[in-house]
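Please read the points below alongside the sequence and the model.

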Amino acid sequence: VNGKQDPVIRHDNAPLYNQFSEVVGYGWHVSAPILDGGKFIGFITADNFLNNKALKNFQPDLLCLFGATIGHLISRQLEQETIRKLSSAVQHSSSMIIVLNTKQVVEFANDAFCRLSGYSLNEILGEELAVLFPTEPYQTIKQTLSSGLAWQGEVVNYKKNGEAYEAFVSISP
């Protein structure tokens, strides 16, 4: 293992070791990189310790393909773990968070928003932002976001039951 992305490192008369690091024989040993795209993650190795058969021509290529598959799966798993952590942080934040699509339709709201506004997530999913904000500042917010800029300011908004509340709002396109 040389730390490079060589397609295959092959040794035909390599020492084969047991669990005590003792040489128990000699045979082929092949290492192939584990890659995600061009990103090097590690190596996967195989040897003929168990069956003592000759290395077939397709086996190094198969090991490379297996390494690429494993690399892709490892990277996706790490990405999913990062997304899960971020999602949990957003969901449990004490700040109200709403996610809108490009048409300013609600795709997500966290627990803090639902608690303060009195709306359940199911009640606001698919609704336009206008349902949650009074006409002013909604028009200003909409114009600012349409121009590609962020908007922030203090607003007086209304809960589902009509009770007013003040909130500092920051919205990014």
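1. The side chains of Arg84 and Glu81 meet in a salt bridge, with N and O 2.7 Å apart (a salt bridge is a side-chain nitrogen of Lys or Arg within 4 Å of a carboxyl oxygen of Asp or Glu). Both residues belong to helix α1, where they are 3 residues apart, about one turn of the helix. Helices (H or I, at least four residues) and strands (E, at least two) are DSSP runs, numbered from the N terminus. Arg84 counts as partly exposed because its relative accessibility is 47%, and Glu81 is also partly exposed, at 31%. Buried means under 20% relative accessible area, exposed over 50%, and partly exposed in between (1.4 Å probe, protein chains only).

2. On the basis of these values: this is a predicted model, in which local features need pLDDT of at least 70 and side-chain atom pairs count only at pLDDT 80 or more, while totals for chains, interfaces and linings use all residues. Residues are numbered from 1 along each chain as its sequence is written, and side-chain values use heavy atoms, with hydrogens and water left out.

3. How many salt bridges does the structure hold? There are 5. One of them pairs Lys160 with Glu123, with the closest N and O atoms 2.4 Å apart. This pair links distant parts of the chain, 37 residues apart: Lys160 is in the loop between β6 and β7, and Glu123 is in helix α3 (residues 121-124). Lys160 is partly exposed at 46% relative accessibility, and Glu123 is partly exposed at 34%.

4. Asp36 forms a salt bridge with Arg76, and the closest N and O atoms are 3.1 Å apart. Asp36 lies in strand β2 (residues 23-36) and Arg76 in helix α1, so the pair ties together parts that are 40 residues apart in sequence. Asp36 is buried, with a relative accessible area of 17%, whereas Arg76 is partly exposed, with 27%. Salt bridges also link Asp36, Arg76 and Glu79 in a network.

5. Asp36 has a further partner in Ser75: a polar contact of 2.9 Å joins their side chains. A polar contact is a pair of N or O atoms within 3.5 Å; within protein, one must be able to donate a hydrogen and the other to accept it, and residues adjacent in sequence count only if both atoms are side-chain atoms. Ser75 is found in helix α1 (residues 58-91). Is Ser75 buried or exposed? At 8% relative accessibility, Ser75 counts as buried. Leaving aside residues up to four places away in sequence, Ser75 touches Asp36 and Ile41 (contact means heavy atoms within 4.5 Å).

6. Helix α4 has buried residues Pro137, Tyr138, Ile141, Thr144 and Leu145. They cover an arc of only 135 degrees around the axis, which puts them on the same side of α4; the arc is that of the directions from the helix axis to the C-beta atoms. The cover over these buried residues includes β6 (151-158) and β7 (164-171). Exposed residues Thr135, Glu136, Gln143 and Ser146 sit on the face of α4 turned away from its buried side.

7. At 1.5 Å a residue, its 12 residues (135-146) should span 16 Å, and the end C-alpha atoms are 16 Å apart, which agrees. The expected span is 1.5 Å times one less than the number of residues. Just after α4, Gly148 takes a positive phi of about 85 degrees.
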